[in-house]
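Here is a short report on one protein. Look at the sequence and the model first, then read on.

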Amino acid sequence: MVETLESALPWWDDLSPERKGVMFELAQRIGVDQVLGMREFLEAARVGAWDIAEMHLRDRLWYYRTDVFDESLCLLMRKNPQKSLDAA
(Lines give C-alpha, C1' and ligand atoms only; values in the text may rest on other atoms or scores of the structure.)
Protein backbone atom coordinates (compact mmCIF):
# COMPACT_ATOMS: atom_id res chain seq x y z
CA MET A 1 0.00 0.00 0.00
CA VAL A 2 2.78 2.44 0.89
CA GLU A 3 4.56 1.61 -2.35
CA THR A 4 1.44 2.59 -4.31
CA LEU A 5 1.21 5.91 -2.49
CA GLU A 6 4.92 6.56 -2.99
CA SER A 7 4.76 5.88 -6.71
CA ALA A 8 1.55 7.87 -7.26
CA LEU A 9 2.64 10.89 -5.21
CA PRO A 10 6.07 12.14 -6.35
CA TRP A 11 6.13 14.51 -3.36
CA TRP A 12 5.59 11.68 -0.85
CA ASP A 13 9.13 12.01 0.53
CA ASP A 14 8.47 15.67 1.36
CA LEU A 15 5.73 14.70 3.85
CA SER A 16 6.50 14.38 7.53
CA PRO A 17 6.22 10.91 9.07
CA GLU A 18 2.98 11.99 10.77
CA ARG A 19 1.38 13.09 7.50
CA LYS A 20 2.54 9.91 5.79
CA GLY A 21 0.84 8.08 8.64
CA VAL A 22 -2.40 9.95 7.96
CA MET A 23 -2.22 9.02 4.26
CA PHE A 24 -1.54 5.39 5.12
CA GLU A 25 -4.38 5.29 7.64
CA LEU A 26 -6.73 6.80 5.05
CA ALA A 27 -5.66 4.20 2.50
CA GLN A 28 -6.43 1.44 4.99
CA ARG A 29 -9.84 2.87 5.84
CA ILE A 30 -11.16 3.88 2.44
CA GLY A 31 -8.72 2.30 -0.01
CA VAL A 32 -5.74 3.61 -1.96
CA ASP A 33 -7.78 4.36 -5.07
CA GLN A 34 -10.20 6.47 -3.06
CA VAL A 35 -7.34 8.42 -1.46
CA LEU A 36 -5.74 9.00 -4.85
CA GLY A 37 -9.12 10.20 -6.12
CA MET A 38 -9.22 12.99 -3.53
CA ARG A 39 -7.72 15.49 -5.97
CA GLU A 40 -8.38 18.70 -4.05
CA PHE A 41 -7.05 17.20 -0.83
CA LEU A 42 -3.92 15.87 -2.53
CA GLU A 43 -3.21 19.12 -4.36
CA ALA A 44 -3.49 21.08 -1.12
CA ALA A 45 -1.17 18.59 0.60
CA ARG A 46 1.29 18.76 -2.29
CA VAL A 47 1.68 22.53 -1.97
CA GLY A 48 1.63 22.49 1.84
CA ALA A 49 -1.74 24.23 2.22
CA TRP A 50 -2.57 22.23 5.33
CA ASP A 51 -5.68 24.15 6.38
CA ILE A 52 -7.18 23.57 2.94
CA ALA A 53 -6.08 19.92 2.94
CA GLU A 54 -7.79 19.45 6.28
CA MET A 55 -10.99 21.05 4.98
CA HIS A 56 -11.08 18.73 1.96
CA LEU A 57 -10.26 15.74 4.14
CA ARG A 58 -13.13 16.53 6.49
CA ASP A 59 -15.54 16.95 3.59
CA ARG A 60 -14.50 13.72 1.92
CA LEU A 61 -14.41 11.55 5.03
CA TRP A 62 -17.84 12.77 6.07
CA TYR A 63 -19.07 12.02 2.56
CA TYR A 64 -17.85 8.42 2.70
CA ARG A 65 -19.26 7.38 6.05
CA THR A 66 -19.42 8.78 9.50
CA ASP A 67 -17.73 5.64 10.84
CA VAL A 68 -14.67 6.52 8.74
CA PHE A 69 -14.55 10.12 9.95
CA ASP A 70 -11.81 10.61 12.52
CA GLU A 71 -11.11 14.02 13.99
CA SER A 72 -7.56 13.04 14.95
CA LEU A 73 -6.62 12.33 11.32
CA CYS A 74 -7.83 15.78 10.29
CA LEU A 75 -5.91 17.45 13.09
CA LEU A 76 -2.73 15.49 12.36
CA MET A 77 -2.89 16.53 8.72
CA ARG A 78 -3.31 20.21 9.56
CA LYS A 79 -1.20 20.74 12.65
CA ASN A 80 1.28 17.88 12.26
CA PRO A 81 1.99 17.51 15.98
CA GLN A 82 5.18 15.74 16.86
CA LYS A 83 3.52 12.51 17.91
CA SER A 84 2.59 9.43 16.00
CA LEU A 85 -0.86 8.10 15.27
CA ASP A 86 -0.17 5.37 17.83
CA ALA A 87 0.32 7.96 20.54
CA ALA A 88 -2.75 9.97 19.56
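## Surface, helices and charges

The accessible surface of the protein comes to about 5100 Å², and 48% of that belongs to carbon and sulfur atoms. Such areas come from the Shrake-Rupley method with a 1.4 Å probe; for residues, only the protein chains shown count as cover. This is a predicted model: local features need pLDDT of at least 70, side-chain atom pairs count only at pLDDT 80 or more, and totals for chains, interfaces and linings use all residues. Residues are numbered from 1 along each chain as its sequence is written, and side-chain values use heavy atoms, with hydrogens and water left out.

The protein has six helices and zero strands. Helices (H or I, at least four residues) and strands (E, at least two) are DSSP runs, numbered from the N terminus. Of the 88 residues, 38% are buried. Buried means under 20% relative accessible area, exposed over 50%, and partly exposed in between (1.4 Å probe, protein chains only).

Which charged side chains pair up? The count comes to three salt bridges. A salt bridge is a side-chain nitrogen of Lys or Arg within 4 Å of a carboxyl oxygen of Asp or Glu.

| Salt bridge | N to O distance |
|---|---|
| E25 and R29 | 2.8 Å |
| R46 and E43 | 2.6 Å |
| R58 and E54 | 2.8 Å |

E25 and R29 are four residues apart in helix α2 (residues 17–30), so about one helical turn separates them. R46 and E43 are three residues apart in helix α4 (residues 39–47), also about one helical turn. R58 and E54 both lie in helix α5 (residues 50–64). E54 counts as buried because its relative accessibility is 7%, whereas R58, at 24%, counts as partly exposed.
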